[in-house]
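Biologist: I would like a close look at a single part of this model, and then one connected account of what surrounds it. Please keep to what can be read from the coordinates.

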Amino acid sequence: MRFGTLADAPQIAALHVDSWVSAYAGILPDDYLAGPLLQERLELWDARLTYAADDACLLIEGAHEGFAYLVPQHDGRVLLDNLHVRPGLKRSGIGRSLMREAFTWTAAHHPGAPLYLEVLRDNVPAIAFYERLGGQVTREFDETFPAGFVMPVVEYTWTPDRFSPC
């Protein structure tokens with residue numbers, strides 16, 4: 001496990017797209033998944049890693065087999081904004097390893113802060129994973145994506161006393 005840098009942006013963007021296409025097939029609109037996702041993700045990761053807040057953290061597992069991106073929020077919580085594992089490597093322990101590092105990083109850099117994430121309600125495998133790790137549902141809402149469609153989302157939270165050793 002290591003911290004990511006701007007040099008990782010192309011590989012992170014490609015993994016992000018591969019993960020979305022695999023996980024969200026049948027959930028997100030097909031034309032969106034077949035669209036210019038790679039260019040969008042390249043721009044996103046280039047911007048995040050070029051202009052990243054000093055306290056944001058990109059964790060990378062191995063040779064880009066998975067990554068997690070953490071961003072402290074103004075409300076005192078830490079958002080796990082992305083957690084992705086290469087589709088062929090799911091259920092290999094990489095996701096657990098990334099979660100363990102996310103808990104560790106949060107506890108070390110933002111003591112007492114809860115960690116939370118948002119997941120599409122129809123992403124059943126991800127929801128099962130977060131529940132196995134002790135995540136608690138703290139909110140449900142609809143999110144409007146920049147492309148104009150609306151999706152139901154579930155927020156999961158771990159308070160520091162519930163950070164799992166994974």
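**Strand S2 and its surroundings**

Modeller: Strands S2 and S3 are paired antiparallel, with five bridges between them. The model is a predicted one, and the description below starts from this pair. Leu-58 has Tyr-69 of S3 opposite to it. The two strands make a hairpin in which four residues lie between them, and Gly-62, in the turn, has a positive phi of about 55 degrees.

S2 covers residues 57–61, and five of its five residues are buried, so the strand is largely enclosed by the rest of the structure. In a regular strand, side chains alternate between the two faces of the sheet. In S2, Cys-57, Leu-59 and Glu-61 point one way, while Leu-58 and Ile-60 point the other way. Buried here means under 20% relative accessible area, and the residues on both sides of S2 are all buried.

S2 also pairs with strand S1 (residues 2–3), again antiparallel, through two bridges. There, Phe-3 has Leu-59 of S2 as its bridge partner.

Ala-68 has Leu-83 in S4 as its bridge partner.

Next come the charged contacts. Side chains of opposite charge can pair when their charged atoms come close. With a cut-off of 4 Å between a side-chain nitrogen of Lys or Arg and a carboxyl oxygen of Asp or Glu, the count is nine salt bridges.

One of them joins Arg-77 to Glu-155, with the closest N and O atoms 3.3 Å apart. Arg-77 is in the loop between strand S3 (66–72) and S4, and Glu-155 is in strand S7 (residues 150–158), so this pair ties together parts 78 residues apart in sequence. Glu-155 counts as buried because its relative accessibility is 3%.

Another salt bridge is formed by the side chains of Glu-118 and Arg-139, at 3.6 Å from N to O. Glu-118 belongs to strand S5 (residues 115–120) and Arg-139 to strand S6 (residues 136–144), so the pair ties together parts that lie 21 residues apart in sequence. Glu-118 is partly exposed, with a relative accessible area of 35%, and Arg-139 also counts as partly exposed, at 40% relative accessibility. Asp-75, Arg-77, Glu-118, Arg-139 and Glu-155 are linked in a network of salt bridges.

A further salt bridge joins Arg-86 and Asp-18, whose closest N and O atoms are 3.8 Å apart. This pair links distant parts of the chain, 68 residues apart: Arg-86 sits in the loop between strand S4 (78–85) and helix H4 (94–109), and Asp-18 in helix H1 (residues 9–23). Arg-86 counts as partly exposed at 28% relative accessibility, and Asp-18 counts as partly exposed at 37%.

Finally, Arg-91, Arg-96, Arg-100 and Arg-132 gather in a patch of positive charge on the surface. Of these, Arg-132 is placed in helix H5 (residues 124–132) and counts as partly exposed at 47% relative accessibility.

Technical notes:
Residues are numbered from 1 along each chain as its sequence is written. This is a predicted model: local features need pLDDT of at least 70, side-chain atom pairs count only at pLDDT 80 or more; totals for chains, interfaces and linings use all residues. Side-chain values use heavy atoms; hydrogens and water are left out. Buried means under 20% relative accessible area, exposed over 50%, partly exposed in between (1.4 Å probe, protein chains only). Patches are made of residues with over 30% relative accessible area and no salt bridge: like charges are joined within 9 Å, nonpolar side chains (Val, Leu, Ile, Met, Phe, Trp, Tyr) within 5 Å. Accessible areas come from the Shrake-Rupley method with a 1.4 Å probe; for residues, only the protein chains shown count as cover. Lys and Arg count as positive and Asp and Glu as negative; His and the chain ends are not counted. The place of a charge is taken as NZ of Lys, CZ of Arg, CG of Asp or CD of Glu. Two strands pair if DSSP finds at least two bridges between them.
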